[in-house]
Amino acid sequence: MKRREIFAGNWKMYTTLSEALELVKGIIDGLGNIGSREVIVFPPAVNAREVVKACGGKISVGLQNMYHEKEGAFTGEISPVMVKDAGARYILIGHSERRHVFKESDGMINKKVKAAYEYGLEPVLCVGELLEEREAGNSEIVVEAQLRAACEGISAEQMKKMVIAYEPVWAIGTGKVATPEIADSMHKSIRKVLAALYGNDIAAMVPILYGGSVKPDNIAGLFSPEDIDGVLVGGASLKAKSFLDIIHVKL
Ligand code: PGA
């Protein structure tokens, strides 16, 4: 079975509404025929509804974070119901900036994954090791622990709607991209963990994206190995031209 190919842009805390709409227009204007490839953008939540409208179903939309509760006295947070109501299909969970800057624990991430399924959102779960963990030879162990914790209590049926993004922390926003060999071997090890948890058929279905300093000039190598099903792009997704060059790789 051929897995879904996904090209996702994480806009982080960039873009005002007018910049967001201009970016969407630029992407749609240049998209052309991308076959079965799927493009997702993750705009700042405050502009979600307008971005969904502008995407017109040609590009999927996700949000970058949410709290796990349906509603309540949680000042500053947004709920899964609100994310869904804004028209988003996906929710990014456990991005390294959430884990490390905002100190989200594996337990919180697991609650968010559960909430995503409960409210009909599709999680894009991010995992990845720190530089010191890689240097100590612990990358696989760290990522396996993140995966097992995030997926606790998640059924095989629910996993069919999971997307995983492997994003080594040392590669995010640093210009230091993982080699295709490193990325592929980490993706294979992630798939092995999925197979141990859910069996080979489910493991073979889940798209695993690579993220961390993906640019037009390194996408061709990264999109070659059979276990890399797409990319999650930060900086280079903020300009329509560079994001399109990435989306159009080897079409
Ligand atoms: P980057 O960000 O492409 O700017 O390294 C990737 C990400 O944070 O998802």
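Okay, quick ground rules. This is a predicted model, where local features need pLDDT of at least 70 and side-chain atom pairs count only at pLDDT 80 or more, while totals for chains, interfaces and linings use all residues. Residues are numbered from 1 along each chain as its sequence is written, and side-chain values use heavy atoms, with hydrogens and water left out.

So, Gln 64. Its side chain reaches the backbone oxygen of Lys 12 at 2.9 Å, and also that of Pro 43 at 3.4 Å. Leaving aside neighbours within four places in sequence, Gln 64 is in contact (heavy atoms within 4.5 Å) with several residues, including Trp 11, Phe 42 and Leu 92.

Now the rings. How many aromatic pairs does the structure hold? Three. To pair, rings of Phe, Tyr and Trp (its six-membered ring) need centres within 6.5 Å; planes under 30 degrees apart are stacked, over 60 edge-to-face, the rest tilted. Phe 7 and Phe 223 make a tilted one, 5.2 Å centre to centre with 55° between the planes. Both Phe 7 and Phe 223 are buried, meaning under 20% relative accessible area, with exposed over 50% and partly exposed in between (1.4 Å probe, protein chains only). Tyr 67 and Phe 74 are tilted too, at 4.8 Å and 45°. Here Tyr 67 is partly exposed at 21% relative accessible area, and Phe 74 is partly exposed at 33%.

Notes
A polar contact is a pair of N or O atoms within 3.5 Å; within protein, one must be able to donate a hydrogen and the other to accept it, and residues adjacent in sequence count only if both atoms are side-chain atoms.
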